[in-house]
Amino acid sequence: MRSGLSRKDIQGRMKDLVDTLFINIPSGVGSHRKDLKLNREEQRQVLKKGARWAVEKGFGTAKDIEHIEELGCIEGADPDRVSERAMERGKAQLGTLGSGNHFVEVGYVAEVFDNDVARVLGLWKDQVTVLVHTGSRGFGHQVCDDYIRVMMDAARKYQIELPDPQLCCAPISSPEGSRYLEAMACAANYAFTNRQMISHWVRETFEQVLQKSPRDLKLDLVYDVCHNIAKIETHTVSGEKKKLCVHRKGATRAFSPDHRDIPEDYRSIGQPVLIPGDMGRCSYVLIGTERAMKETFGSTCHGAGRVMSRHQAIKTAKGRAVVREMEDKGIIVKGASRGTIEEEIPEAYKDVNDVVNVVHHAGISLKVVKLVPMGVIKG
Amino acid sequence: MDAGAKAKKRRKRFEILDHTADIGLIVYGEDLKELFENAAEAFFHLITDLRRVRQKEERQVELKGESLERLMVDWLNELLYLHDVENLLFKKFKVEVIGEEGLRAKAKGELFREGAHVIKTGVKAVTHHQIQVKREDGGWRARVILDI
């Protein structure tokens, strides 16, 4: 999200903002909003409609929808393809951030690489920004778990030899394959809804802490993009247009200018790509390119990637006051537990600058702005 | 207790395998019951500081099996499900029946309480990746990779 605020507008307010974000956005084990109770029918609507459901319920605005991949709803989602257990797990976790590398980060635009593109995206130097990184939570994991069983049997049925049981699969056009895609769409829609709700609470938090109206804050969604998802798309292969299933694992979509699946107001520049780094360095906004369409089915990287295992990171952080270290750098961090902060220490990740420069020079997405964190909440 | 039995007692019950993206558990057991009990304990040892968890709640787990490997993943996933949905932390496990055809077990622990308990690692899923359950040195050994 971009804002109408400059970093000096929130000077001295970051601790308040982080503390309030932490209260308003459920993060730790078992935490959820007391004002959120979904019955089964509503839960099914979430899975079918995605972010549209959230907007109907007052989370965010219709304008947000235009800036979400697939308009916040993957078609063909069928809640009947989802198990009772997934529904149970999903019910408890909708509108929660989750642990691991999930976060909400308040930052500012530290550097602009492409003025024209940044202008179209409504981004400018020193502007306050907010990044939200979360997904389908336990719901998605349960859908995966349920379908792994289905796929293990399917692989046997279709006589697919597996190098590893976790790679079990079925032809996309088979009954098992299409049922899975209908269930996966539910998980994607759950994730769109989850982010939409959290974004709404981010806005409420800013209003509450800074005592400003939404019109003054102008916390507008720049873009919401998925990673770890399979999509049915049309691409040109050897000069021929083909319908493909593009699986972006550890990758994110990066469509070129003029692509019809990107919002009208961005069509002249290409699709925005968000690449978060670790909590101590920076993150990037890039833009998709024609080269990505040709070379990577319109895809680019989605993050920095770890260099240290979580355990190694925790061992490295032992005896250190990570929260203090971050504070000394001007970054306020709050997490549900010490462990989840320590495993995310900056040196546990590759330097996102290096990673982004690789995709930039490869031409599969181009740098627009660099965001530097000021406040982070973690699950 | 004779020397042999003592040596067996001293054998380590589990170790944690480090990996950049996931985490692995190597679990040992004298027999299958112990193997599955130790796997569950290793799993919750990773999630929380077990010294702070009391045995106040009990859940019964019953699973149909197909192979020991699948059963191991299902067992840990079942406990993860209970952790996720009911916010339970388990510390003591009693496997009553175990075989290729299935498992019946009891798990004891308590509800997660903010302040009283810590979460060391949030586990997202138990995977079938490189899963192994096999006999070794007169006992059993299992390998499980977790998505965290």
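Biologist: Where is Pro79(A) found?

Modeller: This is a predicted model. Pro79(A) sits in the loop between helix 4 (62-66) and helix 5 of chain A.

Biologist: What makes Pro79(A) count as buried or exposed?

Modeller: The label rests on a count of C-beta atoms within 10 Å, and 20 or more means buried. Pro79(A) has 20 C-beta neighbours inside 10 Å, so Pro79(A) counts as buried.

Biologist: Which residues does Pro79(A) touch, not counting residues up to four places away in sequence?

Modeller: Pro79(A) touches Arg44(A), Leu47(A), Lys48(A) and Cys186(A). By contrast, the C-alpha atoms of Pro79(A) and Ser238(A) are separated by 37 Å. Those two residues are 159 residues apart along the chain.

Biologist: What about helix 1 of chain A and helix 8 of chain A: at what angle do their axes cross?

Modeller: The axes of helix 1 (residues 14-24) and helix 8 of chain A cross at roughly 135° and come within 9 Å. The crossing is right-handed.

Biologist: Which residues of the two helices meet?

Modeller: On helix 1 of chain A they are Asp16(A), Leu17(A), Thr20(A), Leu21(A) and Asn24(A). On helix 8 of chain A they are Trp201(A), Val202(A), Glu204(A), Thr205(A), Gln208(A) and Val209(A). The residues of this contact divide into 5 nonpolar, 4 polar and 2 charged.

Biologist: Which residues of helix 5 of chain A are buried, and what covers them?

Modeller: In helix 5 (residues 84-93) of chain A, the buried residues are Ala86(A), Arg89(A), Gly90(A), Lys91(A) and Gln93(A). Their cover includes helix 2, helix 7 (137-157) and helix 8 of chain A, together with helix 3 of chain B. Helix 5 of chain A is followed by Gly95(A), which has a positive phi near 80°.

Biologist: How many residues of chain B are in contact with chain A?

Modeller: 26 residues of chain B are in contact with 29 residues of chain A. Helix 3 of chain B gives the largest share of the chain B side, 4 residues. That side divides into 11 nonpolar, 10 polar and 5 charged residues.

Biologist: What makes Asp126(A) stand out in its phi?

Modeller: Asp126(A) has a positive phi of about 75° although it is not a glycine. Most residues other than glycine have a negative phi. Asp126(A) lies in the loop between helix 6 (115-120) and strand 2 (128-133) of chain A.

Biologist: Why is Asp126(A) called partly exposed?

Modeller: Buried needs 20 or more C-beta neighbours, and exposed means 12 or fewer. Asp126(A) has 13 inside 10 Å, so Asp126(A) counts as partly exposed.

Biologist: How do you know whether Thr129(A) is buried or exposed?

Modeller: Thr129(A) lies in strand 2 of chain A. The cut-off for buried is 20 or more. Thr129(A) has 24 other C-beta atoms within 10 Å, so Thr129(A) is buried. Leaving aside neighbours within four places in sequence, its contacts include Met1(A), Tyr108(A) and Leu371(A).

Technical notes: Residues are numbered from 1 along each chain as its sequence is written. Chains are lettered from A and ligands numbered from 1 in the order in which they are written. This is a predicted model: local features need pLDDT of at least 70, side-chain atom pairs count only at pLDDT 80 or more; totals for chains, interfaces and linings use all residues. Two residues are in contact if their C-beta atoms, placed from the backbone, lie within 7 Å. Ala, Val, Leu, Ile, Met, Phe, Trp, Tyr, Cys and Pro count as nonpolar, Asp, Glu, Lys and Arg as charged, and the others, Gly among them, as polar. Axes are lines fitted to C-alpha atoms, for helices over the stretch in contact, and angles run from 0 to 180 degrees between N-to-C directions. A crossing is left-handed if the near helix is turned anticlockwise from the far one by less than a right angle, and right-handed if clockwise.
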